[in-house]
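Subject: Structure for your review

Dear colleague,

Please find below the structure I am handing over to you.

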Amino acid sequence: MIATDIGAHVKTLSAFRPVAQAAGSPTAIALDRLGFNSCELHVGTGASTGAPTSLTVDASITHSDTSGGAYTAYTPPTGSAAIAQITGVNSEARASVNLAGAKRFVKGDCDVAFVGGTAPTVVVDAELVLGGADTEPQA
């Protein structure tokens, strides 16, 4: 392993696929964090349609004991589990989250809201980069 090979130290997963999202929440993907004690939640926006006056995108980590179980908001022992609110198109935000107290399965929960416009949508996507592994992930 080369010391500069970051891929040997993290596991990158899609938290939800890119989607032209109306007001509400895209379908988040259940991610198994077993063996990882931290993550970076990255959320981005692209173009919007429907001419909204403004938009907001909020995202945070939720967790559950099982992949198909009920997910609840995660409160880390330090810091926050939420990104700074995104308020425009072609923007991004991220949050470094301590997962030491999280349950085994996590999701990047997202909520999109608009003011004005005609059936507005905005392209949103998110990735979760798991780190702080108990053992190095497989390449």
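**Histidine 63 and its surroundings**

Leaving aside its neighbours within four places in sequence, histidine 63 is in contact with Ala70, Tyr71, Thr72, Ala73, Tyr74, Gly101, Ala102, Lys103, Phe105 and Val106. Please note that the model is a predicted one. Histidine 63 belongs to strand 4, which covers residues 54-64. Its relative accessibility is 9%, and because buried means under 20%, histidine 63 counts as buried.

**Alanine 22**

Where does alanine 22 lie? Its place is the loop between strand 1 (11-21) and strand 2 (31-32). With a relative accessibility of 36%, alanine 22 counts as partly exposed, since that class lies between the limits of 20% and 50%. When neighbours within four places in sequence are set aside, alanine 22 is in contact with Val112, Phe114, Pro120 and Thr121. Alanine 73, which is among the contacts of histidine 63, stands 51 residues from alanine 22 along the chain, and the C-alpha atoms of these two alanines are separated by 22 Å.

The model contains an open sheet of 4 strands in the order 1-8-3-6, with antiparallel pairing. Strand 1 and strand 6 (92-98) form its edges, each pairing on one side only. On average, neighbouring strands of this sheet are turned by 15° against each other, direction ignored. As a general point, strands of a sheet pair through backbone hydrogen bonds, in either a parallel or an antiparallel manner.

Two of the pairings may be set out in detail:

- Strand 1 pairs with strand 8 (residues 121-133) in the antiparallel sense over 8 bridges; serine 14 has glutamate 127 in strand 8 as its bridge partner.
- Strand 3 (residues 36-49) pairs with strand 6 in the antiparallel sense over 7 bridges; serine 38 has asparagine 98 in strand 6 as its bridge partner.

With kind regards

Conventions
Residues are numbered from 1 along each chain as its sequence is written. This is a predicted model: local features need pLDDT of at least 70, side-chain atom pairs count only at pLDDT 80 or more; totals for chains, interfaces and linings use all residues. Side-chain values use heavy atoms; hydrogens and water are left out. Helices (H or I, at least four residues) and strands (E, at least two) are DSSP runs, numbered from the N terminus. Buried means under 20% relative accessible area, exposed over 50%, partly exposed in between (1.4 Å probe, protein chains only). Contact means heavy atoms within 4.5 Å. Two strands pair if DSSP finds at least two bridges between them. Axes are lines fitted to C-alpha atoms, for helices over the stretch in contact, and angles run from 0 to 180 degrees between N-to-C directions.
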